[in-house]
Amino acid sequence: MFLLLSSYWFYSQVDIKMTLLLVILTFVFWFLGKGVAYYLDKEDEKRAAIVTNIGVIVGIGALFYFKYLNFFAESITSFASLFNIHLSWTAIHLVVPIGLSFFTFKLMSYVLDIYNGKIQPEKNAISFANYISFFPTILSGPIDRPKPFLKQVNLVRLFNPDNFLIGFRRVLWGMFLKMCIADRLDIYVSAIWNNYEHHSAISIIFASLLYPFQMYADFAGYSEMAIGVALILGFKVAENFKRPFFVTDIAGYWSRWHMSLTSWLTDYVFLPLNIKFRKLGVNGTIIAIMLNMTFIGMWHGANWTFLLFGLYHGLWYIPLMVSGQFFKKRNIEVNAKGWPKMPYIFKMVSIYFIVTFGLMLFHSADMTEFFHVCRTIFSNWNGGLFTDMSTMVNAAICSIVLIYVDIQEEWFPKKKIYLPTWAERWRWELTVTIEIICILLFGVFDNNQFIYFQF
């Protein structure tokens, strides 16, 4: 109860009215879960399916009303005007509940998992409410599944000093990623992107190439802090990132980027669609992937840029499907010294460029801005690279640390030096000290919001 009240207090700091919506949706789905289980016990699968569908409709309905109603109404109105059909629509000024896209997915997965026989309905309403409103993850994930979390929340948790230390390290690492890399890069990227018409193509391209790295540090930083705080409290929540730029195709990228969202949509959207279209063979799988990636794009927001962002990534799956590479295991190609071969490096760089162009859509406020940015890139080659030496040097120092850590964990995980206990402790304390010093020296302390808070 104390944890639940703490989570509701935490969430109410954003908007207390939205806390009421969170409470209502939580208990609606708790009762729906009981209803699904009741009809399954009675072997009345038809009514169980109806109750499950009600849960899905309520979840999607909440998303649609708060996030997409204005978008679809305005799009229909604009489309009708092309045929001289004049429809009137006054936009409703709705405040989108922060974290809506995250906790509605948790609510829907609960009733779906009960219907599919993966879990039993949670008897304790307080435990279920804690799963939905758990304060480290409610704002921007990770999106936990009900089974592992509910199992933990119903156990007696004892203070674990190892979990506390590991959690503390992850919180500190997340702060380092956010404050020393993401926010530091944001100073440069925003200076270019928000005034792109006054900058050269070289500066815009350079800022666009930095944005994926900024976004990775920002969102992975939040995820690290959320996972760390949860671990301190005795909870293990889902991992969200696994070095996403060390891949050679778009499928590998999405298997490591925002993993809790990707796995959720894979289980509840892609796989059912793939089964539905299996008679079409490879073409059916392509259709399922395109629909799934469209959902990923639209999940981020009601904007044509997000829709095209999802479609763009979906198109890069088609060559993998046609060539049969989609289901093959992806291994690192290494030379005699253990370093990746140049073709592997080239593919990695190629994926980074592919992701960069997609994030130009993601970063644009609307399609007009995206086209203007592209036009500027192709037309304005006068002038050199805009430089902000202080910002770039500070960001570069911290980014090198992140790159080194990711390379070590990705390519040389078995070559770690194992030290005696006392030496390991001193190395641990030295690392923590260096991270704190970096945060104090290079960190941005102006309370920048996390990028994914808008979703």
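## Ground rules

This is a predicted model: local features need pLDDT of at least 70 and side-chain atom pairs count only at pLDDT 80 or more, while totals for chains, interfaces and linings use all residues. Residues are numbered from 1 along each chain as its sequence is written, and side-chain values use heavy atoms, with hydrogens and water left out.

## Two cysteines

A disulfide is a covalent bond between the sulfur atoms of two cysteines. Here the rule is a pair of cysteine sulfur atoms within 2.5 Å, and the count by that rule is 0 disulfides. For C180, the nearest cysteine sulfur belongs to C398, 4.3 Å away, and C180 is in no disulfide. C398 is in no disulfide either, its nearest cysteine sulfur being that of C180.

Are these two buried or exposed? C180 counts as buried because its relative accessibility is 0%, and C398 counts as buried because its relative accessibility is 0%. (Buried means under 20% relative accessible area, exposed over 50%, partly exposed in between, with a 1.4 Å probe and protein chains only.)

## The second largest pocket

On a 1 Å grid over the protein atoms alone, a pocket is an open set of points with protein on both sides within 12 Å along at least five of seven lines, while a cavity is a set where a 1.4 Å probe fits but cannot get out; lining residues have an atom within 4 Å of a point. Grid points are joined across faces, edges and corners, and a volume is the space filled by probe spheres set on the points.

The second largest pocket holds about 740 Å³ of space. It is lined by 24 residues, and the closest to its centre are V56, I60, M108, V269 and F295. Helix 3 (45–81) gives the most to this lining, 9 residues. (Helices are DSSP runs of H or I, at least four residues, numbered from the N terminus.)

## A bent helix

Helix 3 also has a kink of about 70°, centred on Y68. (The bend at a residue is the angle between axes fitted to the seven residues ending there and the seven starting there.)

## The largest cavity

How many cavities of 30 Å³ or more does a search of the whole structure find? The search finds 1. The largest cavity has about 50 Å³ of space, and its lining includes M215, W257 and H300. Helix 14 (342–363) gives the largest share of that lining, 3 residues.

How values were computed. Helix = DSSP H or I, 4+ residues; strand = E, 2+ residues; numbered from the N terminus.
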